[in-house]
Every structure is written in structure tokens, then in C-alpha cells.
Amino acid sequence: MTENISYDLLIIGGGSAGTTAAIAALDHGASKIGLIEKGLLGGTCTNVGCVPSKSYLRAADLINSNRQAVDYGLFADLSRPDYKAIVEHKNKIVSAMRSAGSKTLEKYDIEIIKEQAVFKDANTLQVGSQILTANNILVASGAKSFIPPIEGVSDVPYLTSTSALSLEKLPESIIIIGGAYIGLEFAAFFHSVGVKTTVIEAAPRPAPNEDQEISSHLATSFEKQGLEFHAGAKVLGVSGDSEIEVKIEKKGEQSRLKGQKVLIATGRVPNLKELGLESAGIKFGRKGIEVNEYLQTSAPSVYAAGDVLSSLQLEHVAVYEGWKAAVNMFSEKKESVDYHVIPRVMFSHPEVASVGETEEQAANRTNVKSVAYPYSGIAMANISGENEGLIKLVADSSTGILLGAHIVGKNAGDLIHLGVMAMQYNIPVDKISGSIAAYPTLAQGFYYAAENLSAKINQS
Ligand SMILES: Cc1cc2nc3c(=O)[nH]c(=O)nc-3n(C[C@H](O)[C@H](O)[C@H](O)COP(=O)(O)OP(=O)(O)OC[C@H]3O[C@@H](n4cnc5c(N)ncnc54)[C@H](O)[C@@H]3O)c2cc1C
């Protein structure tokens, strides 16, 4: 056993938070950094999260666009997708992204240690057969799928988001338990490639954390697409093997749904076990490691970032936190975290993106006005045959500053950045509509929504 190899910083987890922190720490004066990763470098996002799922969703998008191609005088048959080729393409993209990430770390001369780390105390880790010490330690161990205690669940071969990304062949039908981000993204993929898809959501509407109007738009769109969505449905039990039966209760009535596969997409829980957090005096709860506004844990030499915290489990949040934690470990001047302008994108079909407060969340404020501008009023949406959607803006009517922006429709994820900029820099809606948006672009919709909201505020 090698004793006491000493580092400026040891990082547990080579995902988005950990790799960002490693680079940021070097930029802020750390010199010897060890990045400990027990699995694949790149973590969830690169290997089993954002990147592979978005590669599948790009295939789905091409299929869906093709349905409109005939309106433009184009005829291509994408009705029988080659699933094997879709998987191979996804694997190619994932490995290219992973290798780009590894090269960046090599360039920065960060030591990669491919082992599992366990705390011995707040400055010491057991890493494989080695004992490593560091002035600072960052916990960036991520999260894993949460499996709710549904009756019979341990006896059925359920899928998680990870195993659903490596199915050998497409099932004929799939039941997805969970109608929020991950569930609806997988539903978009499976439904688009021709798998009979059913989604079950306990809340009374799809994507229940989104603005009510956005959820309603989704519900209508799912109905039009023929995607079976059961809102307000409680799962009572699961059973079966080659065919899975899911017993649900909806409006007091029980029924049984059948599918060849079942995917459980009911959220993700932080990876806390097996880290030995207690040995280092690090406090944690069910929702994650407890940190202060500088991302420092109850053990002063230990910081934490990413999905292992109770903040939003998103890649850009993990990157932001990884960066902040590194700055706070190695700079004199500490920077607190600020989560009030964090965009959230759901790459479902249709796409949803939001930032800030929903209209319901803003309801307890005194001066609130909102508008919802339809995609059908945007030239580019009509030209491209993507005119179903809306852009909803919620503002403080005393200042005209946005409290939230909510978009459902084509390229919602790109458009939301206009809301992010306006909120981050307190740009009032009349200034947004005072700018010029190019014709014909979807961005014009944001401009029209701001113009309408500005008029509504002026009339009040
Ligand atoms: C299907 C899916 C799709 C997603 N899509 C999006 C998206 O489109 N946009 C978005 O913003 N977010 C998305 N996310 C969320 C995003 O992937 C995560 O928020 C992000 O990857 C979190 O990064 P992290 O560094 O905190 O954790 P991770 O990337 O999970 O990294 C943690 C790493 O720590 C390692 N580790 C854990 N314990 C130890 C230990 N004891 N010793 C050594 N190593 C250890 C793990 O092996 C892992 O590699 C998606 C997630 C999923 C599951």
C-alpha cells in the first residue's frame, strides 16, 4: 500500500462537475490535482445522459420532420428506421465526445485515477489500494435512477434511462412510468420510431413542474400524436417478464396496462452511499450533500458540486457548480452560487424550455402580468410547418422585468436563451421589443411576446 500521496485537490467523479472543477482549479492556482473516476470519464451526461439521448432524439426529429416533407414536395420513406444504425451512430457520437473530454484533461496535465474513492477523513481518501491526501477534496459523484417502492418492482426486468439507451432491439411496446423530463424524452424517441408508447404520470398533468399552459399544450399535442398519456395515475404494482403488466389507479378506478418493456423514469437520487461521508464529518440528507452558499460542506476542506447536491440536476448546473467550487477552494475572494436564472430544457416532442418562475409561482406577487404568444403568429414557424407552440412571458408589471419565460415548440431550447439574457441582466420587456429580430426567424416570436406584454403593462 502506497501511503500519503499528497495533492492540492482530489476530485471524486469525472463527470461534468468534476472535470470542470479540475480545469478551473488549475486556472485558480492549484497545481497537483487527482481526478478519481470509477467508471467512464465524462460521467452521466456524455456516456448515459444528455449526449446519447439527444442523438436518439435527433433521429426522432428527422422522422418527425419527414412527416411534413411531403408538404414541401419531398418524398422519403423513414417509416422503418434502422434501429441498429441509430444505436451505432449514437455510440460513435458518445465515444467522440468522451475522447474529446479526455484529451482536454490530458492537455491540462490532470492525473486521472481510475478507481473508487472512499473517505477516511476530511483530507484523506482510500483510492483502490492507495491512501491519498489532499488539502481540498471535491465530491462530484453524481446521481442514479430512483426506483420507487412499487409492489413487484424487484421481480420485473424494468429499464432505467441507462439500460434503455442500450437495448439490443426496439420493443413493440413500452410503458414509461414518469411523465417529466427523462420520461417524456424517451417517450418522444420510442413513439417516433414506431414503438407503441404509454406514459404514466402521478401528477395531474405532463411535465408537472412546468407552467400550467405549457403542460396543457403538451397534453393536447400528445393526444394529436396518438401518444397514450395517463395523467393523475398512481402505479399500484408491476408484474410479468416478457410482457409487463402495470396496474394503475386513475380517478378512483383501477386498470391494467400491458407493454413488452417498462421504463422507470421517476427521478434521480444522489450517489451518497459507499463514499464514507460519515468518516469525514460531511452532513447529508436524502436530497444530497449539504453545502453552504460557497458549496462548502460541513467539513471545511471538502466541497461538493453537481447532481450529488439538491440543486437542479442538469449538466449546465453541474458545470456552474464545479467551477464555483474550484474558485472558492483556491481564490481569496469567495463567490456564492446564484440559481435564479437557470434554463431548463426538455427535448421532448414538442420541445419545452423555461427559465424563472411559472405564472402559478408568480401568483403570490402583487404586480404580475403575462402573455402567451402563439407560434402560429411567427412567420418562420409557418414557413417551416412548425407552427404549434407558444412563448409565454411573465413579468413584474412595476418594472417590466421578466420573472420567467416558458416556451413549447420547435427550438424552444435555443430560444430560451433570450429569456436567460433578459433576466440575468434585468432587461425590461419594452427594451426587448425595442430591439430588432431578423425576419423570418423563430426569435421574432420572443420579440412579439415581449411587445404584447409591454403593451399589456402600459395599459394597466
Ligand atoms: C437520460 C438523461 C438525459 C439527460 N439529459 C440532459 C440534458 O439534455 N441536459 C442537461 O442539462 N442535463 C441532462 N441530464 C442530466 C446530466 O446528465 C447531469 O445533470 C450531469 O451529468 C451531472 O453531472 P455530475 O458531474 O454531477 O455527475 P456525473 O456526470 O454523474 O458524474 C459523476 C461521476 O462520479 C463517479 N463516481 C461516483 N462515485 C464515485 C466514487 N466513490 N469514486 C470514484 N468515482 C465515483 C461516477 O462513476 C460518475 O462518472 C440527463 C441525465 C440523464 C440520466
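Mentor: Let us begin with domains, whose bounds come from an automatic or database domain assignment. This is a predicted model, in which local features need pLDDT of at least 70, side-chain atom pairs count only at pLDDT 80 or more, and totals for chains, interfaces and linings use all residues. Residues are numbered from 1 along each chain as its sequence is written.

Trainee: Into which domains is the protein divided?

Mentor: The division gives domain 1 (2–144 + 269–330), domain 2 (153–266) and domain 3 (350–459). Between the C-alpha centres of domain 2 and domain 3 there are 30 Å. Two residues are in contact if their C-beta atoms, placed from the backbone, lie within 7 Å. To the contact between these two domains, domain 2 gives nine residues and domain 3 gives 12 residues.

Trainee: How is a sheet described, and what is the strand order in the open sheet of four strands?

Mentor: Helices (H or I, at least four residues) and strands (E, at least two) are DSSP runs, numbered from the N terminus. Two strands pair if DSSP finds at least two bridges between them. Here the order is 10-9-8-14, with parallel pairing. Strand 10 (228–230) and strand 14 (261–264) are the edge strands, each pairing on one side only. Strand 8 (residues 173–177) is joined to strand 14 by four bridges in the parallel sense, and isoleucine 176 has leucine 263 of strand 14 as its bridge partner.

Trainee: Which strands does helix 6 lie across?

Mentor: Angles run from 0 to 180 degrees between N-to-C directions, and axes are lines fitted to C-alpha atoms, for helices over the stretch in contact. Helix 6 (residues 181–192) lies across strand 8, strand 9 (196–200) and strand 14, and runs at about 165° to strand 9.

Trainee: How many residues stand between strand 12 and strand 13 in their hairpin?

Mentor: There are two residues between them, and lysine 251 in the turn has a positive phi of about 50°. Strand 12 (residues 244–250) and strand 13 (residues 253–259) pair over seven bridges in the antiparallel sense. Glutamate 249 is opposite glutamine 254 of strand 13.

Trainee: Which residues around the ligand come nearest?

Mentor: A residue is near a molecule or strand if its C-beta atom, placed from the backbone, lies within 6 Å of it. Of the 36 residues around the ligand, the nearest are Gly13, Gly15, Gly43, Gly142 and Gly306. At least two residues of this shell come from each of helix 1 (16–27), helix 2 (43–48), helix 3 (50–69) and helix 8 (315–330).
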